[in-house]
Amino acid sequence: MSIEVSVIIPNYNCKPYLAKAISSIVRQENISYEILVVDDGSTDGSVEWLENLQKTLPEIRVIAQPNTGVVKARNRAISEAKGDYIAFLDADDYWTDDKLSNQINYMKQNSDCVLSFTNYMHVNEKYEPIIDCFSYWPEFSKFIDKNSTGYQNLKSPMDLLLFANVIGTSSVMVKKSAISFVGKFDTSLNSASDWDCWLKLARIGDVAFSLQTSMGYLMRADSITANRKNRLNAMKVIISRCKNDTGFDTKLKAKARMLECYGEYYREIGLKFKALRITAAAFMLFPHKRNFQHLLHDIKQTIKPS
C-alpha cells in the first residue's frame, strides 16, 4: 500500500512522552502512513528506545543527527518523506483517533487546499484540559462558519494569520509539494519559522480548518521556550515580508499584536510602566477583550503599593 501521510516528529530529550505521541498515530483510522522521527541529538536514551520500537512497528523510521534545532530537523524529514501529505506532531503532543483520516479526506477532495489545521486543547502535565486554542482568539470567530461540523476553507487566510497565529504545528497537515515549493521552514529565522511557513503557504493555495479539537498540546513546566526577544525580532521580519499581501486594517491589527507581544515581554522582565504604555497603545490600535484584560492588569500593577 502506498504511503498517504508522512508523520514528522522532531525529538530532543522527550523520551517520557514519545509513547503517548506515537500510540496516538498508531490508533489513526483508515489511513496509510509512515512515521519519521528525527532525533536531534538526544541524551536521554530516546534513540535506543525508538530503535527498539522499530522491531515491532515497521512504519517508523528513526533519523539520528547531531543537535541542529527543530527547524532543520523538520526540513530534513520533509526531504526524506515518501507521502504526498505531511503531518507534524511534536514529541510531547498527541492526536485524537480520527484526526488524520478526516483531514486527508478533505484535502484530497479539495485539491487547491495546501494546508489544513484543527483546534487543539492545552493540557497540563496530568493531561487535564486548560483552554482550547480557538477560544483564546475571539477575533477568529469572524472568519468562520460556526454551523459547519467538518473542515472549511478559511476566509481571507492572510488577513487572519498575520495578526492571529491560531495554527498549532501539531495540528497541521500540508501537501508535500506545496511546502517544498515555498522552501520549507526558513532556517534564517531564530523563532516563529512555523508561522512564517503557514503564511507562505497561504499565498499559494487554500487554507482549511476544523473546529474539532483533534490535538492535545502539553504545557510542560520544564519546557524550554524560545527567547522572547528572538521571537519579537522574527515577528518584525515576518510582518515586513507580508506588507504587500494585506490591507490597511490588517496591518493595524498586526502592529497591535506586535505591541501586545512587547507588552508581554516588558511585563515578564518587570518593567511595569513600559508594559502599561505599550499595552495601552496596542489597545488603542485594536481594542478587544484580551488587550483590555492586559491593560487592566498593567494598570493595577502600576498603582499597587510597592
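Asp39 of strand S2 is the bridge partner of Asn11. This is a predicted model, in which local features need pLDDT of at least 70 and side-chain atom pairs count only at pLDDT 80 or more, while totals for chains, interfaces and linings use all residues. Residues are numbered from 1 along each chain as its sequence is written, and side-chain values use heavy atoms, with hydrogens and water left out.

Strands S1 and S2 (residues 33-40) run parallel and are joined by 7 bridges; strands are DSSP runs of E with at least two residues, helices are runs of H or I with at least four, and both are numbered from the N terminus. Two strands pair if DSSP finds at least two bridges between them.

Strand S1 (residues 5-11) is largely enclosed by the rest of the structure, because 7 of its 7 residues are buried (under 20% relative accessible area, with exposed over 50% and partly exposed in between; 1.4 Å probe, protein chains only). Val5, Val7, Ile9 and Asn11 point one way from S1, whereas Ser6, Ile8 and Pro10 point the other way.

S1 also pairs with S4 in the parallel sense, over 4 bridges, and here Val5 stands opposite Tyr85. Within strand S4 (residues 85-88), Tyr85 and Ala87 point one way and Ile86 and Phe88 the other, and all are buried. On to strand S9 (residues 173-175): S4 pairs with S9 in the antiparallel sense over 3 bridges, with Val174 of S9 as the bridge partner of Ile86.

Finally, helix H9 may be considered. Lys229 lies in helix H9 and is partly exposed, with a relative accessible area of 35%.
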